[in-house]
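Please find below a colleague's note on the model under review.

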Amino acid sequence: MSMQSLFIPYSTIVIKEVSRFTRIWVQTILPPAISMTLYFVIFGSLIGPRIGTMNGFDYIDYIAPGIIMMSIINNSYANVVSSFYGAKFQRHIEEMLVAPIPNFIILAGFVTGGIVRGFMVGVVVTIVALFFTDLQLHSFTITITVVLMTSIVFSLAGMINAIFANKFDDISIIPTFVLTPLIYLGGVFYSIDLLPEFWQKVSAFNPILYMVNAFRYGMLGESDISITHAFIMLIIFTITLMIISLQLLNRGVGIKS
Amino acid sequence: MPALEIKNLNKIYSNKFEALKGIDLNVHQGDFFALLGPNGAGKSTTIGIICGLVNKSSGTVKVFGHDIDTDNDTAKASIGVVPQELNFSQFETSLSIVINQGGYYGITRRTAIERAEKYLKKLGLWEKRNEVSRNLSGGMKRRLMIARALIHEPKMLILDEPTAGVDVELRRSMWDFLIELNQQGVTIVLTTHYLEEAESLCKNIAIIDQGKIVEDTSMKQLLSKLNKETFIFDLVDPITELPDLNGLNSKLIDPTTVEVEILRKDNINQVFDVFSSNNINVCSMRNKSNRLEELFLDLLNNNNKTD
């Protein structure tokens, strides 16, 4: 297939995805801005000064990267899981299945939609954060790379969730019972150095720990985990989830009978 | 090269239901082909396999010579499909649904917009182009799916019950549109429950029942197999007793309605002769059911007996 015959379907899916979530911006862009403002007010301005510093940073400065990353993770995941499951539920996924689009293009289109929403929400939450803290930027390249890779990982995870989902409950179970606990236990609000050694080892199995710390390194130059180690984990997660998603799409799981 | 060539196609669903039992089918280029069958016979499964929505269990399907296993992209590009169930986003406008479908087929946005205008106008939807699809009427939604299926100008159009739930006037206009497309060289495969539709439109026909093709022939040949027709005679004045109609199978439905079964070898004039000699005046006469419907039911009954 020519590059044009791949690019046109890809850009069509991306434009459709972006226009979908921007059309309902009150449901997609505004809520994270509100909830993250509350995080900054409560944990940053009210409780933060009583906590003091963490790893040499004011508490609000320390948690700001984690809060931004939390909103990126939630939104990239939510975008793909709701959009792809919605396409399955309304059966308009068939519009793509009858067309000569390779599955990797369908996957890339939906994942790009998740990345764009993750970035947009990340920018909005960063702007909110600027009202509460003086954000630093230790490394622009590392920060952007981590945001990109994290939103890819969670867009892919959202895709896998949507592929297996048979009802709307199935797309809220994973975010509620798996994603939220992992985020809260992934070092958003604390350094894992504060945990007992056993729980530090348990935390090492939490993928979000690597993303939050890598992002915090990009902004503050401070991380509980070596940045190389964090990137290796991110690459492993990305490749693994990409292979699983593509295999599922190629086998037609959840979309073909 | 046939437009569609199906050989020994089988489909067993994960619940072990055998939907297709080794069907063979050929549709010639430029044909207007009817695939008929009762509910659950395997029509939608067959269409789903051709279009890439259902995984086959075994067999081969070729679209204009392109095998769907080895050359699926080319095969898909040759097909436009209008499914039985609505399958577009309820939150998008008619225009964006059609243009996006063009994008999925690799058509540039400019061309997609031009074609969308052409087909939406042709199908009477241009005024509704900026309407969110869920606000369209049932008939408009069906026409929208036809416009969407044509955006890449396929060589073969497959329509799965396209006129289900559509009023008579609209159905007729959709028939005219499909005839026009067929005259332009587009091969059309149609499934329908309206047998009158198949008889009016289609040149060739296959009947599928319980996953097997029980008839595959031309419409003309199939109709020639019809060895009897049932006619309804409406009488001017009521009668209390029906005279003997030369031994023909007949019955008085009500005082002014007579039903008569006439074999192909019989002469219909004899019925009028008997009526005239008994001073019974007929004001109108019609077929009890569509001719194809009678054949269709006979074929299905025979298939059930042989199983």
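1. Two residues are taken to be in contact if their C-beta atoms, placed from the backbone, lie within 7 Å. The model is predicted. By that criterion, 24 residues of chain B are in contact with 21 residues of chain A.

2. On the side of chain B that touches chain A, the elements giving two or more residues are helix 2 (72–77) and helix 3 (94–104) of chain B. Helix 3 of chain B makes the largest contribution, 4 residues. The composition of this side by class is 11 nonpolar, 10 polar and 3 charged residues.

3. The largest nonpolar core holds 151 residues, of which Ile67(A), Met159(A) and Ile158(B) touch the most other members. Helix 5 (residues 59–89) of chain A supplies the largest share of this core, 18 residues. As general background, nonpolar side chains in soluble globular proteins tend to be buried together.

4. Which residues does Ile67(A) touch, not counting those up to four places away in sequence? They are Met36(A), Tyr39(A), Phe40(A), Val125(A) and Val188(A).

5. In strand 6 (residues 79–82) of chain B, Ile79(B) and Val81(B) point one way, while Gly80(B) and Val82(B) point the other way. All four of these residues are buried.

6. Strand 6 of chain B runs parallel to strand 7 (residues 156–160) of chain B, and 4 bridges join them. Val82(B) has Leu159(B), in strand 7 of chain B, as its bridge partner.

Key. Residues numbered from 1 in each chain as written. Chains lettered and ligands numbered in written order. Predicted model: local features only at pLDDT ≥ 70, side-chain atom pairs only at ≥ 80, totals over all residues. Nonpolar A, V, L, I, M, F, W, Y, C, P; charged D, E, K, R; others polar. Core = buried A, V, L, I, M, F, W, Y, C linked by C-beta atoms within 7 Å. Buried ≥ 20, exposed ≤ 12 C-beta atoms within 10 Å, placed from the backbone. Pairing = 2+ DSSP bridges.
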